[in-house]
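Have the sequence and the 3D view ready as you read.

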Amino acid sequence: MVAKPPSVALRDLRVKKRGKTILGPLDLDLEATGFTIVLGPNGAGKTTLLKVLHGVERIATGTVSWSMPRSRMDQEQAYVFQRPIMLRRSVRQNLAYPLALLGRPKSEIAIQVEHWAGRVGLGNLLDQHAPRLSGGEKQKLALARALIRAPSVLFLDEPCANLDGRSTREIEAVLQAAHSDGTRIIMTTHDLGQARRLANDVIFLSQGQLHEQGAAADIFTNPGQPKTKAFLQGDIVE
Amino acid sequence: MNDIWAGLLAGFQLVITLDADLVDITLRSLKVSLSALVIASLIALPLGTWLAIRRFRFRRAAIATLNALMGLPPVVVGLIVYLLLSRSGPFGVLGLLFTPTAMIIAQVIIITPLIASITHQAMRELWAEYHDLLISLNTTNRQRVLTLIWDGRRALLTGALAGFGRAIGEVGAIMIVGGNIDHATRVLTTAIALETGKGDFALALGLGFVLIALAILLNFAIHTLSRTERHDTW
Ligand SMILES: Nc1ncnc2c1ncn2[C@@H]1O[C@H](COP(=O)(O)OP(=O)(O)O)[C@@H](O)[C@H]1O
Ligand SMILES: [Mg+2]
């Protein structure tokens, strides 16, 4: 089990790049529990929103307030990047890294590494050099490395882009298990089928604006905005 | 022509019989240059890494300065160190001129920019790759530097070997600050210069063989390192 996840509120938030507002102004509240999927066309600002929430994007205006002190929040969250970043080390050392940073004892780290490697099906690749893994294996390693600190909030940016069906299914299973263990998940995806399978609630972004937010069941059956509806039907939306 | 053949033969003989002078000079060379290498690395590895990952106002200027320092003629470094250490200079009271310590100081000044520059290149590349992950994991500056140095260790070792090669092959600066004193500050390069001047080619060539062997060994080590980099055997 993980610590009780925090909720978060964004107010009047803007992110600017080269003088252009690429996200916002937006207000957004996220509950402390659930599995949120961020949807939207390419360039809508999904990645930027995730990075803002994670605290690694510079914001131009507004506030991001977590219901947990910032110092604790830093330890309680993890992020899986769209292109997995592999340390030039073995799979074992990649998994151990986040715990080693926290100064955990070697014996505990070894147990956790074995456990998480098994969870994502990398148990027999522990001594492989991580940069040489396949795309699917890298993404699974990145996911396990994110979960090994038992974060209460987990961000994922299109974790299954370019993966085959089998890897996608394995990753979804791990995500669902983490979710039932109490981890708060906020994730972007291009795969509407995946969104339907996983989401409790959905955020729809377009051109840096929050267009719609609501329970997955509602949005998928009865989207409130024409743009959301068009997007969910598979029309080309900007 | 005969002189040269005789010299080569005599030089070779000195090497295989482990001539006392030759061994003495070789060991001193290694001691001085290895000391310089260790000190220069302790400065250059963190400095190069720091320049790669920290953004600050004069970063570009600092990198340009580093590259300029790399091009400093060793003889000029020798001259400056000489002036600083000479009896009337600011550090004259230390009495370091014409000691191995003075030679180490000169070599440190010569190779630190080289090692720092190679470190900077390698670390910049690795930092671009790791940046998002290390930020996301909320690493401290210290942890970042240690991670980059460890994962970039092969490139850094290559840089260090290049620095060592430059140190042990250098003659101008250490001649000035060391004085080429027999049994005190005479090293491979300065001894070769002296013996050649005297016309004693046997010792000069014998020392030359040792220097060439060291250079080949270094190049072999660098080559092997860059191969393991590609094959990731360690
Ligand atoms: N560093 C940057 N400089 C300029 N524009 C950027 C930068 N990063 C992102 N953008 C722009 O911001 C918009 C949102 O980007 P992003 O959040 O990556 O969208 P998404 O993940 O939804 O595809 C895009 O139009 C993108 O081109
Ligand atoms: Mg994106």
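Does B:Glu129 count as buried or partly exposed? With a relative accessibility of 34%, B:Glu129 counts as partly exposed. Keep in mind that we're looking at a predicted model here.

**Bridges between the chains**

So what does B:Glu129 pair with? Its side chain meets that of A:Arg88 in a salt bridge, at 2.8 Å from N to O. This pair crosses between chains: B:Glu129 sits in helix α5 (residues 100–136) of chain B, while A:Arg88 is in the loop between β5 (77–80) and α3 (91–101) of chain A. A:Arg88 is partly exposed too, with a relative accessible area of 23%.

Here's another pair to find on your screen. The side chains of B:Asp151 and A:Arg89 form a salt bridge at 2.6 Å, N to O. B:Asp151 belongs to helix α6 (residues 141–151) of chain B and A:Arg89 to the loop between β5 and α3 of chain A, so this pair joins two chains.

In general, side chains of opposite charge can pair when their charged atoms come close.

**A bridge inside one helix**

Now over to chain A. A:Glu76 and A:Arg72 meet through their side chains in a salt bridge of 3.3 Å, N to O. Both residues lie in helix α2 (residues 70–76) of chain A, 4 residues apart, which is about one turn of the helix. A:Glu76 is buried because its relative accessible area is 13%, under the 20% cut-off. A:Arg72, at 41%, counts as partly exposed.

| Salt bridge | N to O distance |
|---|---|
| A:Glu76 and A:Arg72 | 3.3 Å |
| B:Glu129 and A:Arg88 | 2.8 Å |
| B:Asp151 and A:Arg89 | 2.6 Å |

How many salt bridges does the structure hold over all chains? The count is 18. Some share partners: A:Arg92, A:Glu114 and A:Asp127 are joined into one network that way.

**A nonpolar patch**

Charges aside, chain B has something else to look at. B:Ile39, B:Ile43, B:Leu47, B:Trp50, B:Phe56 and B:Phe58 make a nonpolar surface patch of about 530 Å². One of these residues, B:Ile43, lies in helix α2 (residues 20–53) of chain B. B:Ile43 is partly exposed, with a relative accessible area of 41%.

Note on methods
Residues are numbered from 1 along each chain as its sequence is written. Chains are lettered from A and ligands numbered from 1 in the order in which they are written. This is a predicted model: local features need pLDDT of at least 70, side-chain atom pairs count only at pLDDT 80 or more; totals for chains, interfaces and linings use all residues. Side-chain values use heavy atoms; hydrogens and water are left out. Patches are made of residues with over 30% relative accessible area and no salt bridge: like charges are joined within 9 Å, nonpolar side chains (Val, Leu, Ile, Met, Phe, Trp, Tyr) within 5 Å. Accessible areas come from the Shrake-Rupley method with a 1.4 Å probe; for residues, only the protein chains shown count as cover. A salt bridge is a side-chain nitrogen of Lys or Arg within 4 Å of a carboxyl oxygen of Asp or Glu. Buried means under 20% relative accessible area, exposed over 50%, partly exposed in between (1.4 Å probe, protein chains only).
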